[in-house]
Amino acid sequence: MAEIAYEGMFILDSNKYARDAAATSASVTDLIEKYGGTLLASRLWSEQKLAYPIEGHRKGTYWL
């Protein structure tokens, strides 16, 4: 069976990322591996204001 590569964008809690960037970004890896995926590359994209609040948060850290 051929492997398929996907690209994903995750929006992380900026406050959590500011307090512990390593643990917050590791949660993305853990989530992918939990469902049988393999992470090939991972990086911070940017921190931006959200178009609308999500659970009271007005900005998010985008992880690619």
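K16 is found in helix α1, where helices (H or I, at least four residues) and strands (E, at least two) are DSSP runs, numbered from the N terminus. This is a predicted model, in which local features need pLDDT of at least 70 and side-chain atom pairs count only at pLDDT 80 or more, while totals for chains, interfaces and linings use all residues. Residues are numbered from 1 along each chain as its sequence is written, and side-chain values use heavy atoms, with hydrogens and water left out.

At 48% relative accessibility, K16 counts as partly exposed. On this scale, buried means under 20% relative accessible area, exposed means over 50%, and partly exposed is in between (1.4 Å probe, protein chains only). K16 and T61 are 45 residues apart in sequence, and their C-alpha atoms lie 9.5 Å apart in space.

The chain as a whole has two helices and three strands. Along the sequence these elements follow the pattern β-α-α-β-β. The C-alpha trace spans about 45 × 25 × 20 Å along its principal axes. Of the 64 residues, 17% count as buried. The chain exposes about 5,300 Å², of which carbon and sulfur atoms supply 54%; accessible areas come from the Shrake-Rupley method with a 1.4 Å probe, and for residues only the protein chains shown count as cover. A contact is defined by heavy atoms within 4.5 Å. Among contacts between residues at least 6 apart in sequence, 42% join residues at least 24 apart.

The three strands form an open sheet in the order β1-β3-β2, with antiparallel pairing. The edges are taken by β1 (10–13) and β2 (44–54), each with a single partner strand, so one side of each has no neighbour in the sheet. From one strand to the next the twist averages 40°; axes are lines fitted to C-alpha atoms, for helices over the stretch in contact, and angles run from 0 to 180 degrees between N-to-C directions. Helix α2 (residues 21–34) packs on the sheet and touches β1 and β3, its direction making about 135° with that of β1.

Strands of a sheet pair through backbone hydrogen bonds, either parallel or antiparallel. Here two strands are taken to pair if DSSP finds at least two bridges between them. β1 and β3 run antiparallel and are joined by four bridges; in β3, Y62 is the bridge partner of I11. β2 and β3 also pair in the antiparallel sense, over six bridges. On the β3 side of that pairing, W63 is the bridge partner of L44, and H57 stands opposite I54. The hairpin of β2 and β3 has two residues between the strands, and E55 takes a positive phi near 50° there.

T61 lies in strand β3 (residues 57–63). With 2% relative accessibility, T61 counts as buried. Leaving aside neighbours within four places in sequence, T61 is in contact with F10, I11, L12, S14, Y17, L44, S46 and E47. The side chains of T61 and S14 are joined by a polar contact of 3.0 Å. A polar contact is a pair of N or O atoms within 3.5 Å; within protein, one must be able to donate a hydrogen and the other to accept it, and residues adjacent in sequence count only if both atoms are side-chain atoms.

The aromatic rings come next. A pair of aromatic rings is described by the distance of the centres and the angle of the planes. Rings of Phe, Tyr and Trp (its six-membered ring) pair if their centres lie within 6.5 Å; planes under 30 degrees apart count as stacked, over 60 as edge-to-face and the rest as tilted. By this rule there are two aromatic pairs. The rings of Y17 and W63 have centres 6.0 Å apart and planes at 55°, so this pair is tilted. Y17 belongs to helix α1 (residues 14–19) and W63 to strand β3, so the pair ties together parts that are 46 residues apart in sequence. Both Y17 and W63 are buried.

W45 and Y62 form an edge-to-face aromatic pair, 5.9 Å centre to centre and with 75° between the planes. W45 lies in strand β2 and Y62 in strand β3, so this pair ties together parts that are 17 residues apart in sequence. W45 is partly exposed, with a relative accessible area of 45%, whereas Y62, at 14% relative accessibility, counts as buried.
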